[in-house]
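Here is a walk through the model you have open, chain by chain and contact by contact. Keep the viewer handy as you read.

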Amino acid sequence: MNEGFILSNAWLIPAIPLISFFLVGMFIRPASKQAAGLVATSAVFLSAACAYMLAWEYYQAFAPEYQSIVPWSIEWLRYQEFLSVSVGVLVDPTSILLMVVVTTVSSLVHLYSIGYMHGEEGYGRYFTYLNLFTFSMLGLVVAPNIMQMFVCWELVGASSFLLIGYYYDKPSAVSASKKAFIVTRFADLGFLLGILILGYFGYHVYGVLSDSSTSVLAEMNQYSSTAIQPFDFKFLNHPAVIAQFADQGSLLGGISMLTLAMVLIFAGAAGKSAMFPLHIWLPDAMEGPTPVSALIHAATMVVAGVYLVARLFPVYAASGSALLIVAYIGAFTCLFAAVIGCTQDDIKRVLAFSTLSQLGYMMLSLGVATMAHPLGYTASLFHLFTHAFFKALLFLGAGSVIHAVHSNEIWDMGGLKRKMPVTHITFLIATIAIAGIPPFAGFFSKDEILAAALGNHHQIIFGIGLLVAGLTPFYMFRIYFVTFWGPHRTEGAEHAHESPPVMLLPLAILAVLAVIAGFVPMASFVHIGEPLGHHGINWAIAIPAILVALTGIGVAWFLYAGNQDRVSKLVQNLGVVYRVIKDKFYIDEVYLFITHNFIFKYISRPIAWFDRNVVDGSMNLTGWATRMSGWILSHMQTGQVQTYAAWYALSTIVVFGLLAVTLQ
Amino acid sequence: MWNEAAGTFVFYLIAFFSIFTALTVVYTRRILRAAIALACVLVCSAGFYVMLDFEFLAGVQVMVYVGGIVVLMLFAIMLTSSAELIVDRPSFQRRFVGVLISIGFFFVTTTAFWATDFPVAESTKDTLFTKVSIEGEKAEPLDDVVELGKKLLDYGPEGYVLPFEIISLLLLSVMIGGIIIARKPPQLENKE
Amino acid sequence: MGILSWIVYIPFITAVFVVFTPAPKWYLIRWISTVGTGIHLILTAVLTWKYWQVASPDFSSMKTATLTKLYLVERFPWFESWGIDYYLGVDGISVSMIILTSIVIFTGVMASWHVKNRTKEFYVLLLVLVTGVFGVFVSFDIFLFFVFYELAVLPMYLLIGIWGTGPKEYSAMKLTIMLMAGSALILIGFLALYNGAGGQTFDLLELSKVDYPKSFQIWVFPLIFVGFGILGALYPFHTWSPDGHASAPTAVSMLHAGVLMKLGGYGALRMGIYVLPEGAKYWALFFMALTTINIIYGAFGAVMQKDLKYFTAYSSVSHCGFVLFGLVTLNLIGMKGAVIQMFSHGIMTALFFSLIGMVYGRTHTRIIDDMGGLAKIMPWFTTCFYVGGLASLGLPGLSGFVAESHVFLAGFFGNPWHDLGIMRFLTILATMSIVVTAVYVLRGLAKVFQGPIKNPEFAKLTDADITERISTGVLVFTMAAVGMLPWYLIDLIESSLMPFVNRLH
Amino acid sequence: MVELLSNNPPGIWHWLILSTILFSIGLYGVLIRKSAVGVLMSAELMLNAAVLNFVVFNHFVKPFTIDGELMGIFIIAVAAAEAVVAMAIFVAIFKHKKSIDITHIETMKG
């Protein structure tokens with residue numbers, strides 16, 4: 001196994017952004033803004049280059065069957081004798097795919113930001129946070145054990161918090177960043193509990209295995225530099241370990257320990273990938289600068305949840321019910337977000353809901369896959385791969401439109417086709433790609449997901465997938481027609497001019513990627529479980545998908561391309577339904593109600609009151625009691641001789657009485 | 001037989017009379033009447049001492065106590081011009097506490113007496129007025145005044161010479177003290 | 001005079017120097033104390049290096065030891081007749097605590113750079129207090145321990161009473177009385193230990209050799225644990241901490257929350273769990289429930305606080321709950337987590353209080369709602385506050401996470417003597433606190449620093465000057481160092497914790 | 001009736017009851033009397049009961065000694081001394097306060 005240069009020190013990939021984060025953050029940022037931007041961007045480009053080389057060397061070295069190797073790791077946190085967490089790099093097809101995607105999109109976004117953020121006063125701070133984000137995302141992707149993934153998971157959450165709250169003097173941005181962090185933090189609580197359960201049982205299984213058959217552990221240690229630990233993925237995903245896990249018995253009635261752990265971990269993934277109950281933070285996260293939305297809330301961070309489920313797929317597959325939950329939540333989110341997406345007016349919110357919907361796709365495709373028919377696994381990662389490119393392109397395109405028109409509302413734009421040709425072309429390519437029209441990337445990955453769903457007899461999920469395959473082109477072309485076609489609605493749209501080249505270059509590159517990404521033979525690289533029989537596009541599913549997509553486009557053209565009165569007619573007769581969907585089914589309000597009225601009013605305020613009055617009160621009470629008894633006793637000293645005589649006589653009687661009683 | 005009966009009757013007669021007068025000392029609103037009642041009580045107890053064959057003590061009681069102290073009190077009442085002053089009855093709360101405590105005291109003491117069986121000498125268990133001992137004890141009556149004199153000045157282990165001296169000292173100091181306190185201090189006069 | 005005596009008495013010598021400088025020269029006094037604490041910092045580094053050199057060879061042999069092995073021991077008889085002797089020694093835990101205290105006092109002195117009225121007495125009292133604290137961490141004779149303990153607690157009253165703000169007399173009084181009540185309990189416990197062991201010696205290690213009868217341990221352990229718990233903000237007895245910290249001057253609340261509350265945890269570990277293992281086993285579950293309330297209660301309490309200092313005080317009540325929670329899990333990970341949490345929370349609260357002091361020095365208000373949009377005006381403070389806030393809510397890469405992950409894992413792993421279900425349930429409740437902590441930290445910081453500038457004359461305020469940058473910088477650096485490279489601290493602590501765990505079995 | 005009277009002469013118990021009654025009445029008087037002289041009289045009453053007690057014990061327990069009587073004499077002497085001092089004080093107070101109502105004398109109030 002000839003160790004290529006990059007392969008042996010793959011730690012460079014996450015390390016370069018970290019070094020540049022410290023460098024830029026501490027020294028370059030105060031010095032000069034431009035330098036900070038350049039250094040940060042070049043660092044990420046360097047890291048991207050390393051990622052490509054690593055991919056190249058890895059696929060050279062491990063041609064036929066791809067081993068997941070841990071070329072470098074050091075012991076970071078030692079809890080106990082055989083329970084320690086190490087920091088390292090895990091290289092296998094999935095992590096390489098993610099590394100390539102993250103570094104590419106991140107470098108392009110960095111390049112784009114140089115133009116977009118030009119003139120902003122927190123320029124240096126922005127690039128520092130962006131580098132921190134890239135480092136933590138890469139750290140998450142290459143994590144060999146679940147603890148390092150959790151560590152980087154939190155760091156990703158923190159950097160997204162910092163980036164969303166970049167315009168900190170805008171109260172809406174501040175509350176959005178707070179909401180994002182708290183919701184993801186809440187989900188991370190589930191993730192942490194899942195890890196604790198895995199850690200506990202992993203430790204015990206580790207003990208059982210280490211003293212029973214040493215072969216299993218030896219075989220695991222083969223490819224990694226440090227000894228295997230209970231938290232490592234290789235250990236958790238190993239069939240022998242999973243078998244031990246499954247019969248660990250159940251906790252609190254019925255639910256097996258394995259399923260509970262997996263569901264909790266999925267909660268963490270759901271929080272980060274904004275699945276249904278925890279999706280409220282993503283639309284608000286659009287408060288951040290658009291490149292941030294492009295990088296974090298489209299291509300990289302939100303797919304971390306998908307990556308986590310993919311990474312632990314063997315364990316998920318073992319606990320069947322957990323996968324079902326994943327599938328159905330994914331499907332529901334997919335439909336739910338697509339429906340809301342159709343009614344939003346803010347261009348970035350539409351894209352945010354479309355991201356939600358595509359993430360739902362990826363989750364449902366993972367959910368439908370099983371170890372026997374793992375097509376869903378490959379399809380989901382393939383869709384992740386393609387989606388990253390065209391969604392980033394959409395966001396960056398929207399960014400350049402907003403940059404030109406200085407407003408997010410699609411109804412303020414119009415007729416930009418003539419004003420911004422390059423943005424228009426790239427936006428069109430991306431819209432067609434996401435719609436799933438054959439030559440473009442979206443078609444291939446979505447088709448595989450539908451095939452996987454049908455293949456594993458999930459008819460309902462297939463139906464939902466098909467329906468959403470229709471809705472997606474509808475809302476995408478809706479915003480396309482409204483922004484680029486029709487009259488210049490506002491004078492802002494009048495004076496719109498093309499963005500500077502430094503912003504257009506990334507758009508172009510991403511457009512190319514959006515086209516060719518579909519042709520990458522993903523099945524041969526990224527797979528799990530039984531090897532997939534190599535098959536072309538399954539036309540039986542592709543035809544209906546394309547037809548549905550075309551009808552979606554047609555309806556959008558019919559309603560939005562021409563004059564707008566048809567739309568207003570439609571809105572009237574939809575009436576209250578339209579209003580409910582537009583307000584995102586009032587879920588945000590429900591959350592706000594719960595946190596403000598319920599948690600603050602009925603829990604923390606009484607506790608604060610309780611603390612001040614009761615517990616504090618009891619302490620003051622002792623002080624008051626001593627003072628009060630002093631006051632009462634002072635009444636005895638009335639100065640009158642007779643009261644003294646009375647007390648004296650009384651006490652003698654009492655004493656004699658006691659004596660009489662006791663001595664008897 | 002008649003003799004004992006008369007003795008018991010006299011005892012109860014004087015006892016009730018003394019208790020009644022004691023109550024008037026305490027209860028009456030006019031101080032003068034209280035003083036006179038006190039004199040009666042003291043005379044009754046002198047009668048008791050006589051019944052218990054202590055004539056000398058009865059004499060001392062009548063002379064010193066009644067003649068001296070009660071007369072002194074009368075003077076004091078006159079001096080403080082509160083002879084005709086009608087003192088209003090103390091508040092119910094004070095009286096209630098007073099009654100409570102005195103009854104309490106009474107019960108505690110009686111239970112104490114009840115619980116202890118005093119080593120009463122056989123000779124006088126059931127007789128009264130007889131100092132004469134029945135067989136086995138000294139026959140002739142005890143000339144108590146001579147005995148008293150001897151005991152007062154006997155400085156042996158049995159004697160009471162020390163208390164005797166102390167009492168004399170006490171009486172002397174009280175006399176001087178009383179005079180100093182009661183006289184009109186000259187300098188206080190002219191200052192006012 | 002071994003190095004340990006120097007460690008204990010350098011602050012005292014500085015105090016003596018300060019006494020001899022004339023009162024009006026307050027700037028000279030400041031410099032003397034800074035130099036004094038600076039030398040102390042260097043000496044602590046020397047001590048750590050020496051300890052590492054001497055102790056590391058037998059880290060592995062400690063695995064099976066049941067008796068703490070002390071290093072750099074200084075011992076000579078003090079009161080011969082009762083068996084009290086001046087016995088200084090140090091093990092892993094004490095070294096980490098000394099590092100913490102030395103850093104906190106150094107930054108504390110730097111933070112109280114602008115104390116103008118009666119500077120001399122302020123610094124003298126502060127340094128005497130620290131001498132007491134150092135004494136406690138190194139003394140292994142329980143009588144000497146108690147002497148230093150009282151020395152540490154008493155100056156607190158004067159410091160809060162004179163230099164405090166708000167209802168300072170009330171809170172000084174309340175704080176001192178409750179701490180005295182605590183030390184009364186401890187004294188009873190110590191005397192019980194002394195007599196239980198036949199009344200020959202006060203030496204801790206000898207006392208720990210005696211295996212006291214179980215019934216004896218059952219009534220002595222809660223005395224000692226609650227006695228120290230009062231200082232460590234155990235649930236029902238924590239009420240002194242919000243008032244005490246709110247009205248204490250910056251350096252004092254830094255020192256108090258940062259170090260003195262750790263004294264409680266340290267004492268409970270060293271005197272309670274080490275000497276009375278059976279008692280610890282008996283009471284562990286009860287105190288675990290209490291400390292869980294402590295954690296949740298402190299977190300929820302902090303959400304609604306209006307005053308920044310109360311906000312931090314409640315958050316430190318919640319974090320001290322972690323320390324005691326870790327102690328009562330009675331397994332290696334838990335206790336190690338507790339000691340790390342002591343260290344990390346010490347640094348964190350010191351940073352918070354020093355920042356609040358500095359911000360208060362400028363805005364003259366601690367009410368969260370009055371302040372807004374300070375980020376533009378004071379970028380340095382904002383970043384430090386945010387780093388502190390993120391550390392307190394347990395962001396990995398900072399020290400908070402290392403400690404909390406230990407404590408949660410320990411709660412989940414449980415110990416052989418207690419029912420696992422209950423421990424798991426309490427641990428889950430405790431883990432809930434990371435969400436609530438996130439809520440109140442972000443709400444508080446967002447209200448103070450982000451958003452538009454509330455009242456205009458804040459715009460004229462200055463950012464941190466050189467002394468403030470040094471003090472906050474040192475604290476932030478320590479937190480990040482422990483967070484990113486925790487294995488040094490872990491090795492230091494874990495080896496000396498093994499005897500504790502072995503004694504429990 | 002006569003037999004009843006004759007065959008149970010008053011034993012020691014009766015005497016003691018009598019003296020206790022007198023003593024209690026004296027105590028009651030001390031506690032409730034408003035005027036100072038009244039208090040003194042009740043005190044005399046108590047002293048007298050005490051003397052009675054001594055005498056009774058002397059008569060019943062040690063018939064042929066006179067210690068009880070002697071003690072009685074001493075008590076009477078002391079009582080005399082005490083009465084003198086008390087009267088002097090009351091006169092002085094009266095001069096100063098124009099009244100000897102004991103409830104108003106509260107200089108010692110705590």
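## Which chains touch

Chains C and D share no contact, where a contact means two residues whose C-beta atoms, placed from the backbone, lie within 7 Å. Their closest C-alpha atoms are 28 Å apart. Chains B and C don't touch either, with 41 Å between their closest C-alpha atoms. Four pairs of chains do touch, and the pair B and D has the most contacts among them.

A word on the ground rules: this is a predicted model, local features need pLDDT of at least 70, side-chain atom pairs count only at pLDDT 80 or more, and totals for chains, interfaces and linings use all residues. Residues are numbered from 1 along each chain as its sequence is written, while chains are lettered from A and ligands numbered from 1 in the order in which they are written.

## Where B meets D

Chain D puts 61 residues into this contact and chain B puts in 80. On the chain D side, the elements giving two or more residues are α1 (2–7), α2 (12–32), α3 (36–61) and α4 (67–97). Of these, α4(D) gives the most, with 21 residues.

What classes of residue make up the side of chain D that touches chain B? There are 48 nonpolar, ten polar and three charged residues. Here Ala, Val, Leu, Ile, Met, Phe, Trp, Tyr, Cys and Pro count as nonpolar, Asp, Glu, Lys and Arg as charged, and the others, Gly among them, as polar.

## Chain C

Chain C has 20 helices and two strands, both taken from DSSP runs and numbered from the N terminus (helices are H or I, at least four residues; strands are E, at least two). Its radius of gyration is 21 Å, close to the 23 Å that the globule rule gives for 505 residues, so chain C is as compact as a globular protein of that length. That radius is taken over C-alpha atoms, and the rule is 2.2 Å times the number of residues to the power 0.38. Of the 505 residues, 63% are buried; a residue is buried if 20 or more other C-beta atoms lie within 10 Å of its own, exposed if 12 or fewer, and partly exposed in between, with C-beta atoms placed from the backbone.

Helix α16(C), residues 379–392, is largely enclosed by the rest of the structure, because ten of its 14 residues are buried. Among them are C:F381, C:F385 and C:L390. Just after this helix, C:G394 takes a positive phi of about 85°. For contrast, look at C:N117, in the loop between α3 (92–111) and α4 (119–138) of chain C. C:N117 counts as exposed because it has 9 C-beta neighbours inside 10 Å.

## The cores

The largest nonpolar core has 436 residues, and A:V309, A:A392, A:L393 and A:A514 touch the most other members. Such a core is a set of buried Ala, Val, Leu, Ile, Met, Phe, Trp, Tyr and Cys residues joined through C-beta atoms within 7 Å. Helix α7 (residues 171–211) of chain A supplies its largest share, 22 residues. A second, separate core of 74 residues includes D:I21, D:V39, D:L70 and D:I76.

Chain B averages a pLDDT of 79, and 80% of the residues score at least 70; pLDDT is the predictor's confidence in each residue, from 0 to 100. Confidence is lowest in helix α7 (residues 186–191) of chain B, at a mean of 55, and highest in helix α2 (residues 31–51) of chain B, at 89. Over residues 129–140 of chain B, pLDDT stays under 50. Where pLDDT is low, the predicted coordinates should not be read in detail.
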